[in-house]
Amino acid sequence: MSRVLCQSLLLAGAVSSAIALHVVAATKGFHGFSWWPLLPPLLAYGLAPLPLYLFLAARSAADNVFDDEAKAATVQHWAEFTGAGLLTLVLGLPLVLWHAGSMDGGGAALTLGGIALTALSAGLGVLFSRLEDSDSWGG
């Protein structure tokens, strides 16, 4: 098989496994199906474009309303702040829900495992795209 096909199958399998972990975490509640374990990944997938948009808006400061360097730096700091806040929320929310008794420990662990597998998939996607550009490991 070609390398691109193997990389695509690996990424598809990792993303599918992450989604399956989230669904299993939702069905593994105290009283059957619970929506609480699905809240962190839905927040992550829904709000993830916001820090990226702010970062890209700060990068292209000459082409938009942020023509001043200080304004562009402020927007970049807001992008970093929202990214860090979103990461803290997504990683901390399953633990808070477990501590509050809204979900059990297994559901929290499966949710965190699904988030970790999603992050691994994104990292592998970046690695594979860089390998495709340079055809070497060092760049």
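The chain holds five helices and zero strands, and its elements, read from the N terminus on, follow the order α-α-α-α-α. The model is a predicted one. Of the 139 residues in the chain, 26% are buried, and among contacts between residues at least 6 apart in sequence, 65% join residues that are at least 24 apart.

**Nonpolar core**

- The largest nonpolar core is made up of five residues, namely Leu54, Ala57, Ala58, Val75 and Ala79.
- At least two residues of this core come from each of helix 3 (49-59) and helix 4 (69-100), and helix 3 gives the most, with three residues.

- The buried residues in helix 3 are Pro51, Leu54, Ala57 and Ala58.
- Seen down the axis of helix 3, these buried residues fall within an arc of 125°, so they line one face of the helix.
- An α-helix has 3.6 residues a turn, so residues three or four places apart point the same way.
- On the face of helix 3 that is turned away from its buried side are the exposed residues Leu52, Tyr53 and Arg59.

**Largest pocket**

- Two or more lining residues are given by each of helix 2 (39-47), helix 3, helix 4 and helix 5 (105-134), with helix 4 giving the most to the lining, at five residues.
- Sorted by class, the lining of the largest pocket comprises 14 nonpolar and three polar residues, and no charged residues.

**Histidine 22 in helix 1**

- Histidine 22 has its place in helix 1 (residues 3-27), and because its relative accessibility is 4%, under the 20% limit, histidine 22 counts as buried.
- Apart from neighbours within four places in sequence, histidine 22 is in contact with Leu38, Pro41, Tyr45, Thr111, Gly114, Ile115 and Thr118.

**Aspartate 104 between helices 4 and 5**

- Aspartate 104 is placed in the loop between helix 4 and helix 5, and with a relative accessible area of 14% this loop residue is buried.
- Although aspartate 104 and alanine 25 are 79 residues apart in sequence, their C-alpha atoms are 9.3 Å apart in space.

**Leucine 91 in helix 4**

- Leucine 91 lies in helix 4 and is partly exposed, because its relative accessible area of 39% falls between the 20% limit for buried residues and the 50% limit for exposed ones.
- Not counting residues up to four places away in sequence, leucine 91 touches Leu112 and Ile115, and Ile115 is also among the contacts of histidine 22.
- The C-alpha atoms of leucine 91 and threonine 111 are separated by 9.1 Å, and these two residues are 20 residues apart along the chain.

Technical notes: Residues numbered from 1 in each chain as written. Predicted model: local features only at pLDDT ≥ 70, side-chain atom pairs only at ≥ 80, totals over all residues. Heavy atoms only, no water. Core = buried A, V, L, I, M, F, W, Y, C linked by side-chain atoms within 4.5 Å. Buried < 20%, exposed > 50% of the residue type's maximum accessible area, 1.4 Å probe, protein only. Arc of directions from axis to C-beta. Nonpolar A, V, L, I, M, F, W, Y, C, P; charged D, E, K, R; others polar. Contact = heavy atoms within 4.5 Å.
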